[in-house]
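Hi,

Here's the structure I said I'd pass along.

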Amino acid sequence: LVRVHMIGRRAQLPRSTALGTVVLERTLDLLVLLVLLAFVMISQPLPGWAAYAGKVVAALAFVALAAILTLGFLGEKIIGLMVHRLGFLPSQYTRRLDVSGRAFVSGISALLHVSHLAYFLMLTAIAWVLELLLVYVLAQAFHLDLGFISLLFVMMVIALGNMVPASTGYVGTFEGFGASALSLL
């Protein structure tokens, strides 16, 4: 919520638009993470519970993606229909729902343009490579001889752990999920 507030304030956007961009960005990040997880699962067998958890997260991510795509392409119609159906409410509420809903849809649909999506994917790839380099450097610092797939696995567990709201600066979260991933290896 703080992130939504700050994005809206700095970019001078309605907070509903900022919320739409944050929801879309987190969902697309999760999908990239799932692609990497699929690569790891093909290359290295995981414990049964980890494979099951990956499948559950994948199902949730694809449901979220379907909802986002639906809102991105049909959001204006959906918001209009909702406002029409809620016409029995006072006009100030339906007007607010209409404005906020359309702003949220605007935030989601902004990244559905090919050029914006390509730019997002390029920045995402750079971020993941840097994250993988961080895990590699840390492994080297502790003289852990991990292969590429193992490094990728550790990075993904840490990334999934960091998706859960945690303490400021993720103090302890990074370490805890990193140690958990290493214990599996």
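Below is what turned up when I went through the model.

First off, keep in mind that this is a predicted model. Taken along the principal axes, the C-alpha atoms fill a box of roughly 65 × 35 × 30 Å.

Next, the packing of helix 2 against helix 6. The axes of helix 2 (residues 15–43) and helix 6 (residues 148–162) come within 10 Å and cross at roughly 150 degrees, and the crossing is left-handed. On the helix 2 side, the residues involved are Arg-26, Leu-30, Leu-33, Leu-36, Leu-37, Phe-39, Val-40 and Ser-43. They meet Phe-148, Ile-149, Leu-152, Phe-153, Met-155, Met-156, Ala-159, Leu-160 and Asn-162 of helix 6. Sorted by class, that contact has 14 nonpolar, two polar and one charged residues.

Then the salt bridges: the structure holds three. One to look at is between the side chains of Arg-3 and Glu-25, at 2.9 Å from N to O. Arg-3 sits in helix 1 (residues 2–11) and Glu-25 in helix 2, so this pair ties together parts that are 22 residues apart in sequence.

Last, the surface. Tyr-119, Met-122, Leu-123, Ile-126, Val-129, Leu-130 and Leu-133 form a nonpolar patch there, and together they have about 690 Å² of accessible area.

Cheers

How values were computed:
Residues numbered from 1 in each chain as written. Predicted model: local features only at pLDDT ≥ 70, side-chain atom pairs only at ≥ 80, totals over all residues. Heavy atoms only, no water. Axes fitted to C-alpha atoms, helices over the stretch in contact; angles between N-to-C directions. Helix = DSSP H or I, 4+ residues; strand = E, 2+ residues; numbered from the N terminus. Left-handed = near helix turned anticlockwise from the far one by under 90°. Contact = heavy atoms within 4.5 Å. Nonpolar A, V, L, I, M, F, W, Y, C, P; charged D, E, K, R; others polar. Patch = residues over 30% accessible without salt bridge, like charges linked within 9 Å, V, L, I, M, F, W, Y side chains within 5 Å. Areas by Shrake-Rupley, 256 points an atom, 1.4 Å probe, with all protein chains shown as cover. Salt bridge = Lys/Arg side-chain N within 4 Å of Asp/Glu carboxyl O.
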